[in-house]
Amino acid sequence: MKRNAIIYALWPINIKVIENFIGNNEGVTILSLPDFIPKEVEKIFIKNGCEIVYLSDLLPKLQTDYFMLESSTLVRYFENKYIESNFTKDLERVQRCTQTAITIVNYLAVLNYALEHYVICFGIINEQYTPIAKMISLFLQKNNISNIYLSHGAALGVAYTIHDVFHADIYCVGSAREQNGNNNVNKSRKKVFKITGLPSWDKLYIDSTNIHKLAWFKKYQIDEELPTVTLFTAWNADVSKLFRLEDEYVLEPFKLVFQAKKNLEALVGFNLIIKDRPGGNHKNRVVNLAKDLGLNNFFYMNGDADPFLQYSDLIISLDSSISVEAIIASNAPLNIPRPIGWYYGPYIGGNDGIINLNSDNIEETIATFLIQPKKRQEYIDSLRNTPQYYSPAFEGKATESVVVVMNEFMPLENSEAIKQYQLDNLQEAQQFEESGIETERPLISFVMKVVEEQKDFLVTTINSLCAQINSHWQLLVVADFEVFDTAFEQHENLHWVYMRSEDFVDRGLDDAVNCLEEGWLCFLKPGMEVEPYFLTYCLHYIASCTRWQFIYMDEGKVNQYGDYCLLHRRPNFDESLLGGRFDFGENCLVELSVLKHIIAESRTHSGIESFDWLLRVFKLFGTASIGHISDILVSSNNLVFESKNKQEKSIELWGGFSESNFL
Amino acid sequence: MIGLPSGENLFMISDFILEEDNNNFSVVIIDILLNNRDYEVCNRPDFLKNIENFYVDEIKCISISVSAKEFSVSFVKGAEQLSKKYSKPTLVNVYYPLLNKVDYGMLDVDNSISYFNIFNLHPDYLYDDNSHRNLEFYNQHLSCYKKNNYVKSAILYITSVFIKKRVDMPVNCTSVLFGYKQEITSIINIPYELPLLNNRGGDLSSISLISDLCRFFRNLYGIDILKILNLNVDIVSKINNHIELIDFDIRSHKTAKNWYKGKALTAFGVEIGECLEYFVMEDLVIGDSQ
């Protein structure tokens, strides 16, 4: 039997992710490279029967004479074509490409070998536009294996030209602000976005004690009595001609900050640190500039960003992720827009809350925040309370959140047993249906609210409805696009309601509910697959639990192979569950006359429909009216995504509900 | 979403054009979406009935879809009549690329000011397709007016130029304002020289906004809006230079993405050239600079 495996290609800065993943999974093979999991940590991490297999170690056994001949012929041909294309006259650069092409061919051979010997559950990568990550990404795509992308920064700007690569299926991102910037990806390329925060941010939450701060100041001989302002630098890459705009402005931000430091000296003294990028050394440029401006009391430093983020009093960034990291570290971010930022962004707009510095406001802003700690704290609090920056990293849980996403692709140990259990249930339900036992059978009207980008999910749900062993149902699709499938014209139990976007969001569902006559409504999330005995079971519960007016259910998630990876087991309803953020799921059944009554009082809250109805049914009829079917009757593929509108509404409305006077 | 939310649009009009306190500013905003994509459209009587309800209920914003074929000047005139009847200034935003003078002339209604509404590049896919970035970032750029006087002055400048120079040119959203005509006229009659833009060789926050619009109009309609903006030579040269840089990037990216296609450079079903696009882009950018 093949072992389960994953392809792991995250940079070492995210090493905690694989450590945590191994701690949560048994007997998994991690296919990786020493660039991602350094060999020195391999033995420390290994436990739970997991193993790390380096692709580079598998290579020798594949390098037969035939393979070597074939691959070298291909690479030579590639090199010729590359030279012919005349992209560069620099032979070293051509060679860099050829060498990388050899590596790519070799690793592709190894990955294909792995495909034959392992069940590859998913791959996870950083920076999908760089050659190796892209190769892995394309390999996964070609073989229909789920691909998770972990963002490497808060990405507040446009993914321009060469960065505009979106092969991965699932995106673990820093915050909603980043997701909004990728709106077009979300919409047109149908990707799943998960706000996990970045694992490297977790340290910002953990390590912020005063003892470390004093030691750090002492180590670098920084005056701990004075407040500290740190400017994080940003320098150009070579992937855009637009970066030429920076040439004449590159020292402007430094001038701005140096000048402010000089002018503020009489009013407020502070340590000024210029923190260069790792690998960068621009000390001479910065020191010479300061000298020209008559300033010598500043620090030029480099190294890990975390202590600077934690121990400074103000953080100045040049259109970079550092602003968001400062918020995570409960610090005060300020931004200086870079010239290209106006084309690649703007990174910080008028509604983003972070202050953009310029010559008119820099001195006043620095002085206010350093002299008036209360104002500084209010500024920090306002940013931390802005939902668009929130991520689990606020609680140091970004690593955990990424691993939760990864686990959603790993088959449960009892996945096969669950499938067998369901087959048994199906047989039992078939026998019941064939027995002709008379029970009350109200019509079940399935209702789905679908936006155009979710169109593809409909097929799965409709197919599973058509496979019901009980035919007492109809389906009503409420959509913001026109019917596209002739099945809706041919089958009398399939109905389509098209609504304009504006109406669709606010009242589309309620209007549809009011068209239904009697029975029960079953609200389904697009992409859900219902078990063939779903209806039989639901009708059985409806008939035997006569006080139930609202029913929620357990739910499963399956991967691309149809294996169960996650079960949402929910407890039976109890009033105390309403006190916390308990997830009742989105799929539910509601008695139609009750539902019509409650929506006549006030409209359904779009985005959190089932929870809204549950609260209102509970308010009217009490605990006994809320039923729970503790069986996995519905499941979805873990690539099923929410519409953006739904996500936004959920964030927006949750606060209102948790503080509402329903309880 | 059509450009900025209507609430923001309302704020912009008061803050910008009229410089009044937003809280005391009252105007009915009617968004007319002229298109062929929405199917639930209304005819003129329905339209008038709908918007009259909004005047009666004192609701500030309403969006109505009207078929492009059905739309005529009478819709806008209807709004004008209601504006008079209820003594409420009214802003009608007509979202559709109006392609010729006849279309545009339809919106020339007495006692009104009509202008290209820079805040609404509807529909959003037109902007996305023609600028290579999504509309979120364009709106993000405009939102900087709140804290950035350069952006604010650039927006005011472009708006006033488009009001004053009614040229035969398509725009994506034409707004017609009934009421406040005197106030607006006095504002647009200020001889705008875009002083902030001209300082120290220009400010990038405003230059980039204009460059972006130039590319949008050029790519979508083949029009050079620099010809009507009347900017000084240095600024025009800077804008053209920036556009050239962006064009170079886009061209190079296209090359990086396509050069390997059809050349049988695949291994195990994966295009090697696709994996190396990043290197090709670097080579093209560095090579061009040498």
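Visitor: Which residues are buried in helix α16 of chain A?
Guide: The model shown here is a predicted one. Helix α16(A) spans residues 362-371, and what covers its buried residues includes β8, α11, β11, β12, β13 and α17 of chain A. The buried residues of this helix are A:Ile362, A:Thr365, A:Ile366, A:Phe369 and A:Leu370.

Visitor: Which residue in β11(A) is the bridge partner of A:Thr230?
Guide: Chain A has an open sheet of six strands in the order β10-β9-β8-β11-β12-β13, with parallel pairing, and its edge strands, each pairing on one side only, are β10 (299-301) and β13. Within this sheet β8(A) and β11(A) pair in the parallel sense over three bridges. In β11(A), the bridge partner of A:Thr230 is A:Ile315.

Visitor: Which are the edge strands of the open sheet formed by seven strands of chain A?
Guide: The order of this sheet is β3-β2-β1-β4-β5-β6-β7, and the pairing is parallel. An edge strand here pairs on one side only, and the two that do so are β3 (51-54) and β7 (192-195) of chain A.

Visitor: At what angle to β4(A) does helix α6 of chain A run?
Guide: Strand β4 (residues 118-125) and strand β5 (residues 146-150) of chain A pair in the parallel sense over four bridges, and A:Phe122 stands opposite A:Ser146 in β5(A). Helix α6 (residues 131-142) of chain A lies across both of these strands and across β1 (3-9) as well. Its direction relative to β4(A) is given by an angle of about 135°.

Visitor: Is the crossing of α4(A) and α5(A) left-handed or right-handed?
Guide: Two packed helices are described by the angle between their axes and the distance between the axes. For helix α4 (residues 65-85) and helix α5 (residues 91-117) of chain A, the axes come within 10 Å and cross at roughly 145°. Residues that meet there include A:Phe67, A:Leu74 and A:Phe78 in α4(A) and A:Val94, A:Ala101 and A:Val105 in α5(A), and by class the contact has twelve nonpolar, two polar and one charged residues. The crossing of these two helices is right-handed.

Visitor: Which residues of β17(A) are buried on one side and which on the other?
Guide: In a regular strand the side chains alternate between the two faces of the sheet. Strand β17 (residues 520-524) of chain A is mostly covered, with five of its five residues buried. Both of its faces are covered, by which one side has A:Trp520, A:Cys522 and A:Leu524 and the other has A:Leu521 and A:Phe523.

Visitor: Which residue in β21(A) does A:Leu521 stand opposite?
Guide: Strand β17(A) pairs with β14 (residues 444-450) of chain A in the parallel sense over five bridges, and there A:Leu521 is the bridge partner of A:Ser445. Four bridges also join β17(A) to strand β21 (residues 588-591) of chain A, and these two strands run antiparallel. In β21(A), the residue opposite A:Leu521 is A:Val590.

Visitor: Which element gives the most to the side of chain B that touches chain A?
Guide: The contact takes 51 residues from chain B and 52 residues from chain A. On the side of chain B, the elements that give two or more residues include β2 (61-67), α10 (204-221), α12 (233-258) and α14 (277-289). By class, this side has 25 nonpolar, twelve polar and 14 charged residues. The element that gives the most, with twelve residues, is α14(B).

Visitor: Is B:Ser252 buried or exposed?
Guide: B:Ser252 is found in helix α12 of chain B, and beyond its neighbours within four places in sequence it is in contact with B:Met281, B:Leu284 and B:Val285. Because 24 other C-beta atoms lie within 10 Å, and 20 or more are needed, B:Ser252 counts as buried.

Notes
Residues numbered from 1 in each chain as written. Chains lettered and ligands numbered in written order. Predicted model: local features only at pLDDT ≥ 70, side-chain atom pairs only at ≥ 80, totals over all residues. Pairing = 2+ DSSP bridges. Contact = placed C-beta atoms within 7 Å. Axes fitted to C-alpha atoms, helices over the stretch in contact; angles between N-to-C directions. Nonpolar A, V, L, I, M, F, W, Y, C, P; charged D, E, K, R; others polar. Buried ≥ 20, exposed ≤ 12 C-beta atoms within 10 Å, placed from the backbone. Left-handed = near helix turned anticlockwise from the far one by under 90°.
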